[in-house]
Amino acid sequence: MNKRTKALSITPATKRAVYERDNHCCVLCGSPYGQPNAHYISRGQGGLGVEQNIVTLCWDCHRAYDQSSERDSIRGELKTHLQSKYPNWDEQNLYYRKWSE
């Protein structure tokens with residue numbers, strides 16, 4: 001596994017921490033079937049697999065975030081959620097930077 005792939009992957013420890021942080025449910029609809037595997041900044045854009053970039057979403061909300069015209073609206077809700085959990089949250093710190101290897 002190369003360094004970029006590893007940096008963008010979500011470790012089991014990160015998934016557990018995010019699931020706890022998000023009270024074991026989808027942060028958008030409250031479904032108890034949420035999974036802590038959605039990147040706020042997508043992997044395709046270089047989004048890191050760190051707690052500050054991962055949220056718990058159910059399948060329907062994850063699909064809507066990834067594949068619908070509602071993405072911008074959902075992104076705003078997720079940003080608000082993450083900012084509420086991390087006082088110094090900064091979107092710019094969530095991207096993989098090659099020079100940080």
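A salt bridge is a side-chain nitrogen of Lys or Arg within 4 Å of a carboxyl oxygen of Asp or Glu. The views below come from a predicted model, in which local features need pLDDT of at least 70 and side-chain atom pairs count only at pLDDT 80 or more, while totals for chains, interfaces and linings use all residues. Residues are numbered from 1 along each chain as its sequence is written, and side-chain values use heavy atoms, with hydrogens and water left out.

**View 1. Aspartate 60 pairs with arginine 63 in helix 3.** Side chains of opposite charge can pair when their charged atoms come close. Here the salt bridge between aspartate 60 and arginine 63 spans 3.6 Å from N to O. The two residues sit three places apart in helix 3, about one turn of the helix. (Helices are DSSP runs of H or I with at least four residues, strands are runs of E with at least two, and both are numbered from the N terminus.) Aspartate 60 is partly exposed because its relative accessibility is 46%, and arginine 63 is partly exposed too, at 37%. For these labels, buried means under 20% relative accessible area, exposed over 50%, and partly exposed in between, using a 1.4 Å probe and protein chains only.

**View 2. Arginine 75 meets glutamate 91 in a salt bridge.** The N to O distance is 2.9 Å. This pair links distant parts of the chain, with arginine 75 in helix 4 and glutamate 91 in the segment after helix 4, 16 residues apart. Both arginine 75 and glutamate 91 are buried. Look for Lys79 as well: Arg75, Lys79 and Glu91 form a network of salt bridges. How many salt bridges are there by this rule? The count is five.

**View 3. Helix 4 has a buried face.** The buried residues here are Ile74, Arg75, Leu78, His81 and Leu82. Seen down the axis of helix 4, they fall within an arc of 125 degrees, so they line one face of the helix; the arc is that of the directions from the helix axis to the C-beta atoms. Turned away from the buried side are the exposed residues Asp72, Thr80 and Ser84. Helix 2 (12-21), strand 2 (54-57) and helix 3 are among the elements that cover the buried residues.

**View 4. Histidine 39 sits in strand 1 (residues 35-39).** Is histidine 39 buried or exposed? It is buried, because its relative accessible area is 9%. A polar atom of its side chain lies 2.9 Å from the backbone oxygen of leucine 8. Leaving aside neighbours within four places in sequence, the residues in contact with histidine 39 (heavy atoms within 4.5 Å) include Leu8, Ile10, Asn53 and Tyr65.

View 5. A disulfide is a pair of cysteine sulfur atoms within 2.5 Å. Cysteine 61 counts as buried because its relative accessibility is 15%. Across the whole structure, the search finds zero disulfides.

Key. A polar contact is a pair of N or O atoms within 3.5 Å; within protein, one must be able to donate a hydrogen and the other to accept it, and residues adjacent in sequence count only if both atoms are side-chain atoms.
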